[in-house]
Amino acid sequence: MTERKREVRIQVPVLTRVEGEGALDIAIHDQEITELRLRIFEPPRLFEKFLEGRDYQEVPDLVARICGICPVAYQMSAAQALENAFAVKVPAAVHEWRRLFYCGEWLQSHALHIHLLAAPDFLGFNSVTEMAGKYPDEVRRGLRLQTLGNDIMELLGARSVHPVGARIGGFHSLPTAEKYAPLLQRLRDAHDEARALVLWTAGLPLPDDEQDFCSVALHDRAGYGMYGDRLISSEGLNIAIDEYPQHFSEFQVPYSTALHGGLHGRPYLVGPLARLNLNAARLPRGVQEVIEASGVCFPSRNMFHSIVARAVEVLFAVQEATRILAAAPAVDVPYVEIRPRAGAGVGCTEAPRGILWHRYETGDDGRIRSARIVPPTSQNQARIEQDLRNALQAFGLDRDEPALRLHAETVIRNYDPCISCATHFLRLNIKRSPT
Amino acid sequence: MTAVRIIGVGSPQAADSAGWIAIEALERQGLAAQYPAGMLSLRQCRAPVHLYQALAGSQCGIIVDALAGAATPVLRLTPEQLQTRSDLASVHGIGVGEALALIQALGSGPAALTVLGIGIDVQAAPALVEQRVVELLPVLSQCIVRIIAEYVAAAEQT
């Protein structure tokens, strides 16, 4: 008696609960994955080209439009890069306000992903609306934390979506004590909720799926890194951010409008889990104690601990924002005057989803000659595909198709990919026939 | 905290700006001044996911948003009449319908919740969007006044 070999083809034509538009194709032949493609078909955004010829002062507002979820990251990486190009150093007090701005973004982005996008997967719901019926308090907590983050962004950026408060050299203006005092109280009130969130995520029924991967994050001598001038990895890399092109490569695959990233030719991970894996010891003691109480240990090789890492960063962002607003660093003029010059500069900051690397070349007149932006999701793409192969194998390729499909989607959503951010690139290779 | 919250959803871009333009026009018209001080407020909201916070503490919520289709004037809808997707594609995909469904699932929204759709040609140039909203403003105002009257009458009965 012969047995027919099992052929499975899983097609997810539109990935749901991720930012942007992508699809997944998997072919399984006789218990082996023969094809796996995370297809990103959202049209390229071409922002680097839009920036060419623009005045440097326009850059923060332009790059903010790349993403509605992480505009601050784009503004801060761009500001850092252009300030480096113009040899400008921002005063420590202004830098503290920038850090607060970033706390707002981490808070809103992570709270949103945990509650609205990821948690329904682990609790067996199709959507947050379904989940709200059984977990209303948790969903309300998520929305409150997200709102708090949005309000911090609005405080410094005038609005939370595509904020306009940042400029090269600092901010256009800073809030008065009267304006930020209520926010400081709300931040203090949020500490308990943020602690509870860490413990809640650690208690979710997360799959146990240990994998080998390389974590990459910024190293900040001053603390847990949102900023930093060095990039480190779990495999011993320790380089200045402007050495990025010598170690990291981007390459195109035929099925994606976003480039894949490689560190010395191999996939790597950026984002909250990578940051925790490399920098947990730099977190404030109070945050470390909550991690210890959660029972989750970092570094972790379980990719599904990403949701716990996000929750830890929510707690950190709440505590850090409280610290900064309580001290309210005094600033006479909220920005440094810029004298543009011809040059080149690199900036790299930790967006909610991982390192966001910018490089600009400027002319004497301060106009942008060239721009290069490497967003976190394109860096994670190769790693997501590698994870999918490992995770589905561990899950069991003999499972039925709906179960495999759901598990694959859960793996992808776990990265909080922002496809809209990633699709910046379109390389055109022209092959000409001899005439 | 105002009992009646009128929220225009949208952005400054083209047809999507109808909700915001309507709120600005209602402010210029002095709508809030027609009611006791502190009873009514007007707001603009960019992302529907922010409606949870924008409606918090209100008892009567009126959402004003662009409605695709130039032939439709002002359409009064209940949240249940809005199309929702259970498998929302992204946060950008959380529309007014999904956001209101979530608010209702949480039992957090105002008791009276109405959506007023302004019929707009999605291809319309910005100037035409403004013109359309101005044309429809009397109808929109009448709808709002009627909804508030219904809310006040119901509140007096309880």
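1. In the predicted model, Gly366(A) takes a positive phi near 85° in the hairpin of E12(A) and E13(A), which has 5 residues between the strands. Strands (E, at least two residues) and helices (H or I, at least four) are DSSP runs numbered from the N terminus.

2. Strand E12(A) pairs with E13(A), residues 368-374, in the antiparallel sense over 6 bridges; two strands pair if DSSP finds at least two bridges between them. Ser370(A) in E13(A) is the bridge partner of Glu361(A).

3. Strand E11(A), residues 343-351, also pairs with E12(A) in the antiparallel sense, over 9 bridges. The hairpin that joins E11(A) to E12(A) runs through 2 residues. Leu356(A) in E12(A) is the bridge partner of Thr349(A).

4. Strand E12(A), residues 354-362, is mostly covered, with 8 of its 9 residues buried (20 or more other C-beta atoms, placed from the backbone, within 10 Å of a residue's own).

5. The axes of helices H4(A), residues 92-123, and H6(A), residues 136-157, come within 8 Å and cross at roughly 155°; axes are lines fitted to C-alpha atoms over the stretch in contact, and angles run from 0 to 180 degrees between N-to-C directions. H4(A) is therefore roughly antiparallel to H6(A) (angles over 145 degrees). By class, their contact has 15 nonpolar, 8 polar and 2 charged residues.

6. Residues are numbered from 1 along each chain as its sequence is written, and chains are lettered from A in the order in which they are written. In this predicted model, local features need pLDDT of at least 70, side-chain atom pairs count only at pLDDT 80 or more, and totals for chains, interfaces and linings use all residues.

Technical notes
A residue is buried if 20 or more other C-beta atoms lie within 10 Å of its own, exposed if 12 or fewer, and partly exposed in between; C-beta atoms are placed from the backbone. Angles under 35 degrees count as roughly parallel, over 145 as roughly antiparallel, 65 to 115 as roughly perpendicular and the rest as oblique. Ala, Val, Leu, Ile, Met, Phe, Trp, Tyr, Cys and Pro count as nonpolar, Asp, Glu, Lys and Arg as charged, and the others, Gly among them, as polar.
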